[in-house]
Structures are given as C-alpha cells and as structure tokens.
Amino acid sequence: MFYIHCPYCQEYREEEEFHPRGQGHLMRPADPDNATDEEWGDYLFFRDNPRGIHHELWVHSVGCRKFFNITRNTVTYEILETYPMGEQPTITAESEKLRKEQGVQTADGGWQTIGAQPDSRALNEEISS
Amino acid sequence: MTQTNRIDAGGRVDRAQTLEFTFNGQRYQGLKGDTLASALLANGVDIVNRSFKYSRARGIVAAGAEEPNAVVQLGAREETQVPNVRATQQALYKGLVARSTNGWPNVQRDVMSWVGKLGGGFMPPGFYYKTFMAPASMWMTYEKYIRKGAGLGRAPHESDPDIYDHMHHHCDVMVIGAGPAGLAAALSAARAGARVILCDEQEEMGGSLLDTRETLDGVAAARWVEATVKELSGLENVTLLPRTTANGYHDHNFVTLHERRTEHLADTASEAGFAGESRARLHRVRAGQVILASGTHERPLVYANNDLPGNMLAGAVSTYIRRYAVVPGKKLVLSTSNDHAYRAALDWKEAGREIVAIVDARANPDGDLVRQARDSGIRVITGSSVVEARGGQRVTGARVCAIDLERFVVTGKTEELECDTIASSGGYSPVVHLSSHTGTRPQWNEELLGFVPGEVKGMISAGGVAGHYGLDKTLADGERAGREAAQKSGFSEAQITLPATRARRDGPACALYQVPHEKTALRAPKQFVDLQNDVTAAGIELATREGFESIEHVKRYTALGFGTDQGKLGNINGMAIAARCLDRSIPEVGTTVFRPNYTPVTFGAIVGRHCGELFDPKRYTALHQWHVENGAEFEDVGQWKRPWYFPRTVNGKKETMHEAVARECLAVREKVGILDASTLGKIDIQGPDAREFMGRVYTNKWAQLAPGRVRYGLMCKDDGMLMDDGTTSCLADNHFLMTTTTGGAAGVLEWLELWHQTEWPELQVYFNSVTDHWATMTVTGPDARKLLSELTDLDLDKESFKFMDWRDAVVADVPARIFRISFTGELAFEINVQANYALHVWKKLFEHGEKHDLTPYGTETMHVLRAEKGLIIVGQDTDGSVTPEDLGMQWAIGYDKPFPWIGKRALSRPDTVRGDRKQFVGLKPKDPSVVLEEGAQIVFDKEQAIPMAMKGHVTSSYYSPSLGHGFALAVVVEGRDRMGQTVYLPMPDGTVHEAEITSPVFIDPKGERQNV
Ligand SMILES: [Zn+2]
C-alpha cells in the first residue's frame, strides 16, 4: 500500500484516502469539434503503459478532494515526486536516463523514494511470473 | 502414554506443569513450554500427516515456520476450528485438540494410498488432472474425494466465538526477528532513541540463542537474551511483539504483523481468561526503516526416501534436544555438507542416545566442531552421504555411499547403518521471503551457496539473512543495522557493548543439494524436494525434459513452493536440481518470487472488527425508523438501505412482493403514493461560472434556465456514453442544485471536480455534496395536489406552479423546497426539507393523507412506474456503451451549443454513428402472463442454429398492474426501425418467448397525466 504525499495537504497519507485516475497530463484536443477522428480516438482510448517512470493523475478523494500528479516507477512502485495540477514533473524517463548515463546520484527523497532502488538489478531484468 | 523421548534435565520446559492434549483422538501429555510438535515427539508420535499427492506417511521435520509436514487442524469445538496451523509454531496448552489435516480417515491407514499406487511408482506432475479429468462428468465426483483425501484443512461451519482486531503503527525502526541480529539491532536503535517495534514469530524471543551450544560473556546465551529483552521492555520507545509473525512486506515500508494473543493459552480468548479481548491482532505498520533479521532456514539434503518419518533437519534435532528436552529417536545418523550441523550429533550424544555415525560429503572436514566430534569418539565417514533411507512407517536404517560431487555419481561401496533417525543438513538458506514480497529478486551469493535479499529501499538486512554466519558476526551486523537505521531516522549513535563470543573455526561447506543415487532419479526411490507439495527430484527432472526451462514454469508445472509452504525448505534444492538438469548455474536458472503471506494468517485477523454489523457501513435516511415500524422490506442500493416495498397483512396473511407492488402501483396511478427519495445524490453548485460549467458537463442547454425552473440533464463521458442523469434546479442565477443517481453521487462529484480542476480551472465554480442535508419526499398521484395543499399555503395551481418548476415554501410549518418533477408519469411534488424535519413532515403528510388513501411505496414500485413511462435508470438500462442517441434522447442534446461539451465530439465518431447500433425500445410479450427475464438475449430468427446472432437484450422487465400484462425495456439493433416486429428470446430451458417491439413509453405517451 502506497504512502502518498498530498502536495496540497502537505502530508503523507495512506493510499486508502486516494483514488488513481489514470495517466496524468492528458491533453484534451483544444478544438474538439475540429479534431480528426484519429486525434479524438487517441485522446479517448490510447494510454501509455511504460515500464519505469510514469506520470499519473490521482485525487485525494477522502481528503482535500484535490487532483494532483504522481511520478511513479511502475516496476519498483517507488513514488518519485508528487506535484499539483498545472505543474510539470521534474523527474521524467529522459531525466532518469540522463542521470544513469552520467552516474549522478539524486538526493534521498525520504518517503518518496521508498521501494526498490531503480538501479537495482531487478529493474534491468525481465519480470517473469 | 508416557513421554518416552523426554530427557530428565535441560530445556526450557516446565516439568512441574503437565499439560494434557489430544491429537487425532488420542490423549497425550506434554509440558508447559512445549510446542505441539515437541510434545508429539516427546510422546514418540512418528506419523503426523499423510502427504498431499502420494499419501505417504510423514513425520515432523523441522522445529519452526519451515515445517512442511506437521500442518494440523486445531480446535476443540466446531466453532474454534483453525486450519493450517504448524505444530512447530503452536504452543501447547491444557486441553489442546488437534488433528492431521491430511489423511482421511486417519493417518495410520489411509484410503488414499490406492490413488498413490494407481499411478504406479511415479505420479508425474499434473497427475490428478491428467488422470481424473476423463470422463469430464466424473471430475466433480473424483474431486470431492481427492480434495477430502488431500485435506488441506477446513474452515469451521459455526461462527467464531472470538474477536480479532487491527492496530495501526508508525515507527522509526521495525525489526523483524528477535534472534542475535534482531536483538542487537533493536537494542542499538532503541538506545539511540528511535521508536522501535521488535517482533518475533516464536513463543520466546531469542531465536537461535535459545538452543545454541555457544556462550555469550561466558554464560548460556539465553541469559543475554533475558537481559536484553528485559532492558527493551523497559524502554518507552520500544514495542515488543512476541508470537508475532511479519507476514507481509508491502510497498513503501508497510509491514503487516500477525500477533497471536491468546492462541498459546486456550481454545478461545475467554477460555484463556481474556474475555472480551482479541484472540489475534493484525498490526499494520508504516516503518521508517525495516531491519530484516529473519535468519536462515536449514536446507535438508535430497536423498531417496528422505520423507520417511525419522528424517529431520539437523538443526531441528538440536532445537528439540536443547530447547524442549526431547530427543526425537534412539539411534542417529547425521548426513551433512557443513560443520555447523555437527552440533546435532554432539547434542544427541550428550542427551545420552546413540550416535551411529556422521556422514560428511566433504573429503577432509577439519573445523573445530568436527574435531570435537572425533575427540568424543563419534565415527565420521567422509566423502560420503546418506543416499537412501530405509524403513516403512519410520526410518530403520540408512544406506551410506561414497559420492563424487563433481560428477554427481555414487562411487565407493555401500554401507548399511542401522538407525531410527537421519538428520541432514545441506547448508543454510537466508530467509529472504519478506524482501521478495516487495518485488525485488534475491541475489545469489556463491560463497554462501544461497540467495540473500535484493535491495529494498528503506530495508536493512542484518545477520544470517544477510549472509553473516557465526554468532560474533551476526551480533555485530545486527548492531550495525540498528545503528544505521537510527541514524537514518535522525538519531545519533548509541553506545552498545556486544557480549563476548568464543571464537570457533568452521571449515568450508560443500555444495550438496540432491544426493546422487545408483539409479537415476526417475528409477530410484522417491527423493523429495518439496515435502508439502510432494514434489520430487524426478518431477523436476521430468519438467526440465518436457521443456520447462524457466524456474517459474518448473514451479507451476510441479507445484514446487506452492501453497502455505511458499518454498521454505524446497526452493533452493529444486532450483539446484533444475540447474543440474539444464546444465546451468543456480543464478542462471533464477529464483521464484515468494509472496505474502509468509505463514498462513487466519481470516479472523485479516477481517479484524470489520465483520457482522461493521462489515460495511450502512446509510439510513432520516425516515428509516418509520419504514421499519411500517413493515418495509429493504433493498441495498450502494450502502443505502431503501424501502423496497411495504407489504400489508390482509386477513392475517402477509402480502407477497408481487401483491404489494401491484397495490402500490395502482395507488399511485389512481390516488396518491409517497416515496422516500432522500438517497438521491444532491450536489450544491455555486459560483459566477456555475451555469457555464453546467452547460459543459451536461449534454443539454442550461443558458436559459431561469431561477425557479428545473431541467432534466444527461451526463456523458467524453466517449459519448451516458454516465449519469438527474434533474438540476436553478436556485439563483449563480446557484444550482444537481441531483444524481443514488449510486452515482460520489462518482459524479469527483467527476465534476476532475473537469473543473484539470480542464477548466479558470471557471469560478464550487461543488459540495448536500445529499444528507436534505430529505426528499415524493408525493405523486392524481390526488397529490389535494393532499399537499392541506399542508402548505403555496399556490399549487397548474398555471402558477408548472411542471418542471420549483418553489420555496413552508410545508407543515417547516421551510421546504417543492419540485414539480415526476419520475412516475403522474402529477408529482418532490418535497425537500432539512433532514431533521423529515419525520415531522412525513407524519403530517400521513395524518392528512389518510382520507386520500396515501400509500407508501418502495423502490420496486418506483421501478415499475418509471419503466411504464419508458424512463431509464442509468446502470440498469445503460451499461457504459449506450449514447443518448441510442436512447432516443436527441431532445436532450444541445447539438448547437457553442462550447464543445463533454461527450459532444464522440457523438460523430464512426462507431457512434454506425447504423446498426442497439437502440432503446419497449417489448411487449405476446403472452400477457410472461414477464421476460432481465438480461435475456434477443434474436430475430428463432430457427437459426446455435450460435445464434444476438441482436439485443432485455434491460428492465416487470409486470404492469395498470396494463395487466408483462412489459420490458430493451436495447435492440436498429430497434426504432423495427416497431411492431416480432423478436424471440430463447431461454435456457428451451422455451422461446415471443415479443413485439414497441415504444418504450407504455402509459400516457403524450405525458398528460403529469401536467394536470
Ligand atoms: Zn490533500
């Protein structure tokens, strides 16, 4: 069960207080009336399913009722950051790749980095079972 | 029976306290301090179970959680039955009653042994399914007996008299395991000031220190344990949890602990003298740092007939002798690959029993313990191993051969040794289970010949589980772990002095898992790898030959490491065998993942107090008590308890639902009825942009809705599918009251917030749930106006208070809002009052209503009345694949609204405009007595061969007392173009119903009745 830092309440709360609402940063086409069927279909039905860094929309449903974003590692379940609506993630798949290539260590983020380390061997192996 | 195997001195049992207990119907005596297993061994009970597949006699193998065989059904009475209890983990108490879970009708003579013989000498993996599946019709019969014979324990048939509870914790440091490493870790973290929880699954804390031969500070190690536990228990920042198993290690350092609070004392908590207290407790711990100090499990060697009672782990032999003062046999042969196991032989000899020989697979063992054994005159046979156990119901001998480890063959001559016990040790496996729960894979350590925990953020593994063997190293590593954990939690270092150990030199161990035999694994007597699941070396070899190369597949094919055992003894041996067969190394074959729970947890502990009345919250309307007093039958709608119907007693006979609903329906159509509609979701919407927002989330128009007016709205998702509906009233220019379906209230509120917060944050609009604040009473029927006018001064005239108007009013001297909306098709007034006034108003309505025959009705009548009018219920007549156009509700779609409202664009998607979509229609069965089944499939051609083309299905179906026949609502392909056509509904029993497609509006198609 996740331990999630609500960026509005500024507190760690148990996952039971939250609802996941799928992929974050979904862009509704600005002019739906003139969007092609394909554009509209992409928006409605197609979602990323990355192995690794993923940005998700969550809501503190039985707390402050605010929606916010979570950057989460889908392999280790590590939550790397949470941030309010309207903000962009500071950790992305690209930034993590760069960090690994350059061997840069990021600071221990306390609770948000609980979970298996992204560098651990398990991450680089195929998950069977 | 006497305790023939009990020795006179030593052990941690209380010889002054004899405890009677019953096992498989036989009465025995044990001592306070015994486990059920040690008491059975003390009494010379060899067979404790029958094996799962082959039904072979099985005895106790281990002394702890890793025990695969002695799994018993506990409980003196039906209501106290607990399955899946390990006898090695169950403290003995007076009057304990236990049975073998396997073995029917009894473990001594087992009817299932014919099944074992039926498959010949070897039952391949998948045997049961391959053999008994044909003919398929017989499987059910076979299965019943096989399952009974396999006896995986059973749930009680009576309710549990005990209570269970949950406790939630936050701590800095969670230490799992109170052996040398765990105690040292807890002590150093606690002295530093960290909030520490220390749990241990055993009756007493101390782990291996309770039965070790080694000393600490020159005295028995148990003395240091005592002093340490005493200090810890005196610290305010420490919580000690003995008899508590860490069963699950979940994301973000969330650990679940299963504490057995009275199970070591008696059958129930009250019998244990703890009436009103919980029998077991589940602790849910969110820890800053987790110190995993779960130690190691000894690995048995895999040799022929290694499952005969009398085959045991070497370490377990030591534990039984030193901790429980029980020697589990008379003549011992020890087969080992390492020095540490030698202590079993030394302990055995000191207990005064005969040690026949130590058989060591290494050519030149020379550690301190080896020398000690030789010096005490014990025969040590080197370069050899026990290759086969002899015996029928118990070991009677051991066949010893020289073996070549490299070539995996038997080399020298055979020697038969007479004995009744074979202890074996193939080394030690760190107990990595908990670390694996988090998803990380254990890492192979070639030096240890074992897997150690993979990295888990927030976890420090310490002592044996981390691969630090030897008491001095274990203690030091524990201290380090405690210190690090405290530092990470923001505490400074504490001073702790570790007790002095006496240095001991251990020689290197050799890698031995399966022992070679003269015959191949398939031809040799069975060599068991996983005793609980009856997985043999031959089974694994066969699996690899059949092409299962991944250990995960081997596991699934053979059942290795399945079930409540979770591969505690067998996994590494199984992987080693697979690796040998595939000619790979163990890490190349990989390891499987261990899953929660580490050992079985009772449902009681999982459920805690969330049972009975507290299983699920119930929501009651303000009028609930009146409904109860007036004989309502209730229906669950979400968490709400809604009156379903109000049966009356006529001539001493209570009405059936059908009779009550028919009466209630006619009362509304002919006179006046009343419904408690308080459960409808109500959302108060305010703000300068409220109207704009309404226009974006509803499909229809809201720009012109004036204060005092009400409109029905459809809410779609952006894929164009209907998700909710309801009426919304304009209270003021920037203030609306939205109603939702009862079940959809919370979801709709979240939906509105979602769109506001993520898509249109620039709109100034605010939402709040007011569902519970208002009670809603629907007064409906031709006499509704007459009745209501007696209780309010409001002008109810049809011209001044029109259909779809709402008004502030005073009803029965109480401020109210009255809405002229109708879900029945009749003249209707929905009266909203503050919830705490509801009962008063309701009663006033009945006072005045008596002369009008005011009839209370429930949800069933509401459903019939609305269906007669073709009014949908979202979630019943729709299922997330239905658009407003499919429903024929084009009138509620604002095609020309300027803003691209939610769902609009999707209405022109190719899929939503295709011609053959299912459309909402009515169905009139040809036989007026038929009430079609909801969900029944509709076909156009009843002669068509199966599979028939399904063209729709029934969504709602009732008997209409007003119409005098059954009727239904349905979705049918191109239904609106098929008015008057006949469709067919084939039923499972072979009958085929015929029905005519009609308009979904069966009563008053012009809507005149609600407009009077
Ligand atoms: Zn919050």
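Does B:Phe846 count as buried or exposed, and at what relative accessibility? At 18% relative accessibility, B:Phe846 counts as buried, where buried means under 20% relative accessible area, exposed means over 50% and partly exposed lies in between (1.4 Å probe, protein chains only). This is a predicted model, in which local features need pLDDT of at least 70 and side-chain atom pairs count only at pLDDT 80 or more, while totals for chains, interfaces and linings use all residues. Residues are numbered from 1 along each chain as its sequence is written, chains are lettered from A and ligands numbered from 1 in the order in which they are written, and side-chain values use heavy atoms, with hydrogens and water left out.

**Chain B as a whole**

- Chain B holds 24 helices and 51 strands; these are DSSP runs numbered from the N terminus, with helices (H or I) of at least four residues and strands (E) of at least two.
- The C-alpha trace of chain B spans about 115 × 70 × 60 Å along its principal axes.
- Of the 1012 residues in chain B, 61% are buried.
- Take the contacts (heavy atoms within 4.5 Å) in chain B between residues at least 6 apart in sequence: 67% of them join residues at least 24 apart.

**Helix H11 of chain B**

- Helix H11 of chain B covers residues 471-488, and its 18 residues should span 26 Å at 1.5 Å a residue, which agrees with the 26 Å between its end C-alpha atoms; the expected span is 1.5 Å times one less than the number of residues.
- The buried residues of H11(B) include B:Leu471, B:Leu475, B:Asp477 and B:Glu479.
- Among the partners that the buried residues of H11(B) pack against are helix H5 (180-191), helix H6 (221-233) and strand E15 (278-292) of chain B.
- Just after H11(B), B:Gly490 has a positive phi of about 90°.

**The zinc site in chain A**

- Four atoms coordinate the zinc ion at 2.0 to 2.3 Å: SG of A:Cys6, SG of A:Cys9, ND1 of A:His60 and SG of A:Cys64. Donors are N, O and S atoms within 2.8 Å of the metal (3.2 Å for Na, K and Ca), and sites may look incomplete because water is not among the atoms.
- A:Cys6 sits in strand E1 (residues 3-6) of chain A and A:Cys64 in the loop between strands E4 (53-59) and E5 (67-73), so the pair ties together parts that are 58 residues apart in sequence.
- A:Cys6 is buried at 0% relative accessibility, whereas A:Cys64 is partly exposed at 28%.

**Aromatic rings in chain B**

- Rings of Phe, Tyr and Trp (its six-membered ring) pair if their centres lie within 6.5 Å; planes under 30 degrees apart are stacked, over 60 edge-to-face and the rest tilted.
- By this rule there are 27 aromatic pairs over all chains. One of them joins B:Trp444 and B:Phe451, edge-to-face at 4.9 Å centre to centre with 70° between the planes, and both residues are buried.
- B:Trp842 and B:Phe846 have ring centres 5.6 Å apart and planes at 45°, so this pair is tilted.
- B:Trp842 and B:Phe846 both belong to helix H22 (residues 838-849) of chain B, four residues apart, about one turn of the helix.
- The charged end of B:Arg696 sits over the ring of B:Trp760, 5.1 Å from its centre; the rule asks for NZ of Lys or CZ of Arg within 6 Å of the ring centre and within 35 degrees of the ring normal.
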